[in-house]
Structures are given as structure tokens and as C-alpha cells.
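These are my notebook entries on what I looked up in one structure. I begin with the packing and end with a loop.

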Amino acid sequence: MPSRSVYEVVVNHGGQWVVQTTTETQGDAIRLAERLVSSGREEDVRVLQSFFDDKKRTLVENELKRFRRKAASKSDSAPVRPPTPLSARPCNSHTEFYRFETRRVIRAAIMDDLERWVITPLELLHNLSHAQRLNAAGTVLQGGVQRVAMVQSREYGLSIHQRMKALFDFCTEIEREMRLIWRNHEIKAVPPGGLRARMAALKDEKNGEFLLHAEISESLSEAKDWPAKLTVMFGLLAEEADEEEMAVFDSYAAEIIESGPAIKALLGDIGDRADAIMALLDIQAGFPPADVTLTPVVERLIRLFREGRLKDCRGVLYRRIRQELESLRSVSGNATDLIRETQVLKALYVKLQRDADERSDARLLLGTLENRAGAILRSETLGTKLQSQKTPIGQIDLLLRLAPGILGAANKRKISAFIVGLIDSEENKGIVIGGENVAEARMRQFRKWEESARGAEFDQRSEQELCGLFDRLCVEAMRKAQYFARLQREEPVPAVRALKLMELAAENGVTTGTAMRAVQAELIKLLKDPGTLTALAESVQNDPEKTARLRELYTLLSQQTAASA
């Protein structure tokens, strides 16, 4: 039979479904989803039902309801496309090409060619020789314009032909103005350490901002690789760079490190893509990544990240990390090793939590990791691995081993509900508890599960539910095996029996709740006999841990005796 259901309310944020809340009541989930849309807080909300089918050993996820603020259209059934740089708001004039968002559009449209030429969009927009090279490679410009126009016509309902004409007109106007400025001014490279002086000199001049970037682009023109460009940019800064200088540096550095080849050139071969993601997370947080040989340029970047002076660069690294995560089939490099997969997800999650309170892009990445963890629960790989376990004991053990890396409160509640459902199944419950001959083994197993549950960061309710369930299983195993009566038959000497019970508790042989109290009660009953107490004390006198435990039990016995007097 299916396990207990978990109901999720998920909202569409920019093409990504984000969990709003989870509940075990279908009606509550539907009412909340409807209220989110009717109040205008959200435009697109779904209610999902998730349960673990213990026959098929797979997570079943059904969409129960979907609420939209807008009227349904033919496109509603189509998959929601996540936003891309090409989806940015269309420009209405050529001057808007210099905006940060538009420069990202330019990069996405002709990325391969910019990386082949080793230039950034800022250089392209301010250096006449780069603009002429683009015009000379006519197919490059035409292909880039077509790509942008196709996306913008689809996203914003524009005519693709009219949009292409407008973009070509903007390009022509930009080149015309660029030719005029370069003809009327002598553009020279910024001297080393001279960025602040040039900024001051050009501040009030007509076209001063354009001229500044033109001079910087001229400084960068001799740098033939990405690390060299960063080195040049560092060389333009004063020894103690002010915030205005750093803002300019940040703009160029962000466009440089947005290049995949630039990242590889700066960090070298650092292993698989999961290692690269880990390294990028460390760098943007201002920490040297482990097992990476750092160049002076990267060390300076890390220092600036640590000082909080590279805002654009941090945004770029976060976007790159998200792209990497979304493109990877496996973050660990082995999609079939689910334990390793969840361990890597958890490590990434911990690193991201450093910034989650301050940065929305960090919170977005946390959501991406939670979605990947949820995909593991729904994966055929997990279903196959659960089916390969011959008993529910092995299945529950596997789920609890996965639990620490199954990220997000919603996913945690799902896995908790699945475990409870497996145990509550009439088919499985007797197998889980076992018979008289496996009582002690089962008691140790249940205690191991309890410790796993406490270390898996379940929410308080789920942890209490699971630990309470494992405790009841332990008590049931003791009762079914008539454990104390059997122990008395096997160990007629009270001191020996008391020692075995102490060892059982010390070896985590019982859970910490009702079962542990039952063992303590049996021990105290035995210790009420002075002869048993003396014999037990003599047998453990050379074992400090057991001696300390015996003192605790004696104190408890004394308190109970005093209370009953």
C-alpha cells in the first residue's frame, strides 16, 4: 500500500518551481494555493501530492491542482522556459546597448566569437578596431542579431523581422558614433596606476564615460588571454583603490570571469565539475579553494571578494554556478552512487548558506540544490536500489543514509513519510520487528536508525515522529521476544544479567526513549539486591566507563528509594 502522502504548494518563480510550503492535509494545500493566486501574490501555483509506493519502490508525484492568475492559453501546457540572458528586456535605442543587462545579451549572442577574439562586450562597444572586426565577420553579427530577435519576438510578442531591422539599425548607429569619437579624440591606453586620474580628468568632459572605457579597451588590446587582461586591469588601479575605481574594475572583471575558458585559465585543471563548483563557491566567499594552486591574480581576486568589493563578479559567479548545476546530470560525477551524490549536494549547500541571508542569488541556488535532491527521490536509480534491498530493513537503512543530503524541508518530510509508510505497511511490520532470535540485533538496528534520524537535520516534528517510531519498534521487539524473561533463563546469575543489560545500553543496543527506560527499570530492580550490587561493582571496578554508569544507576536507585519512603 502507498505510504502517507505529503502535499506541496509550489510557485513558479522565473521558470523555476519553488516550494512554498508542505502539509499532510490536501485541503490545506489547495486552499493556500488558491489564496496565493486570488490575492495577487503569485501568478502560477501548483499543488503536488507525493508518496512512496512501497510496491514499486519509487516516489510517485501527482499534480492535483494548478491555479493561474492569467487566463489559460495554448501555451499553458508547454514547459516553462527558464530565463536566459537573451530574454532581457529589449532595447528601445542604441544607447541602451551599454546597460549591464544588454551587455550580457551581446555576450550570449556571440559568445564563441568573443571568446575566440578574447574580448569582452565592454571592449567591443568602445573599441573601434573590435567593432570593425565584428562588421568584417558579417555572418557573426547576422547570426547574433537573429538569435536575439528570435528570443525577443517569442518572449515579448514582437515581429522578428522588425526586431532584426531595429537591432541592425542600433548597431549601425553605435558604430557611427564610435567612429566619430575615435576620429575626434586621440585614444591612448591608461598608464599603469592611472585609472583614478583618468576618471577625474574625463569626469566632466562630453562623452567622458565612453572615452574612459575606450582608453581602458586600448590598454587591454595587447593582452592576448584572460588572465593577462585581469593582470592589466589590476595594473591600472592605484595602490589604495577607491570605490569608484573598484566599480570600473568590477565591471571588466565580471565580464572576463563570465567566460568559461577564463575560469579554466585562471584555476587550471581542478578535477571534475563538482570540484569546480566548490572552488567557485569558495572564491566568491573570499576563501582560497582547497587543492588549487593559486596565481597572484586569483589571490588578489579572492582578497577583493573577501573585502566585499566585487559585487558584479559575485553575481557572475553565482550565475555560472547555477548554470553548471543545472547542466550536470550528476554533481558527484557518478549518478548511480546516490550516497556520494547527496554528500556532494550537502557540501555545496553548506557553502551556499554562508550567503543565503544576504543574497537572493544564493537563495536561488539553494533552491536549485533542493530540486536536485528532490529529483533523487523521484529517480529510477533510487527505485532500483530500493528494489535490490531484499528486506524493508535494508530499504529503510538506505533511505536514512541518504537523508542528510536530501536537502530542503519539503524533501525531508517526504523521506520521513516514506520511512513511516514502509514500517506501517502490514506486509513489512512483522519483518521489521523480527522474531525472538533477532531481538538484540533489531534493538541495535533501531537505535542506529534513531541516531541517523537525529543527525539528518529533519524538522523537529519529523525527527520526533521517526525517533518515537523507532523507540516503539524497539519496545515491541523486546515484548515480542520476551527479552527480560529470556535473559533471566539464559543468565540466572543476577550480577551477570545486570552487566549484560549495562553493556546493551552502553553499546547503543536500545533507543533512548521508552526502551531505555525499560532497561533502566530492570537494572534498578536487580540492583535493589545488595549482593547483586556488590558483585556488579566488583566486576566493573577496572572499567571506568562502566563504573561511572553504575554510579548513575545507584544515584537513580537512591532517588527512587527516597521518593517512595
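**Entry 1: Trp 449 and the cores**

I looked up Trp 449 and, leaving aside its neighbours within four places in sequence, found it in contact (heavy atoms within 4.5 Å) with Ile 393, Ile 396, Asp 397, Leu 400, Ile 423, Val 432, Phe 470 and Leu 473. I note that this is a predicted model, in which local features need pLDDT of at least 70, side-chain atom pairs count only at pLDDT 80 or more, and totals for chains, interfaces and linings use all residues. Residues are numbered from 1 along each chain as its sequence is written, and side-chain values use heavy atoms, with hydrogens and water left out.

I then looked up the nonpolar cores, each a set of buried Ala, Val, Leu, Ile, Met, Phe, Trp, Tyr and Cys residues joined through side-chain atoms within 4.5 Å. Buried means under 20% relative accessible area, exposed over 50%, and partly exposed in between (1.4 Å probe, protein chains only). The largest nonpolar core has 155 residues, of which Ile 216, Leu 230, Phe 249, Leu 267, Trp 449 and Phe 470 touch the most other members. Another core, of 12 residues, lies apart from it and has among its members Tyr 7, Leu 32, Val 37 and Val 45.

**Entry 2: Strand β3**

Helices (H or I, at least four residues) and strands (E, at least two) are DSSP runs, numbered from the N terminus. I checked β3 (residues 44–53): 10 of its 10 residues are buried, so the strand is largely enclosed by the rest of the structure. Both faces are covered, with Leu 48 and Phe 52 among the buried residues on one side and Val 47 and Phe 51 among those on the other. Strand β1 (residues 6–13) pairs with β3 in the antiparallel sense over 6 bridges; pairing requires at least two DSSP bridges. Val 6 has Ser 50 of β3 as its bridge partner.

**Entry 3: Helix α15**

I recorded 17 residues in α15 (residues 311–327) and a reach of 25 Å from its first C-alpha to its last, close to the 24 Å expected at 1.5 Å a residue, that is, 1.5 Å times one less than the number of residues. The buried residues of α15 include Cys 313, Leu 317 and Tyr 318.

**Entry 4: The loop at Glu 436**

Where does Glu 436 lie? I placed Glu 436 in the loop between α21 (426–433) and α22 (439–455). Glu 436 is partly exposed, with a relative accessible area of 39%. Its C-alpha atom is separated by 6.8 Å from that of Lys 480, 44 residues apart along the chain. Leaving aside neighbours within four places in sequence, Glu 436 is in contact with Ala 481, Arg 486 and Arg 489.
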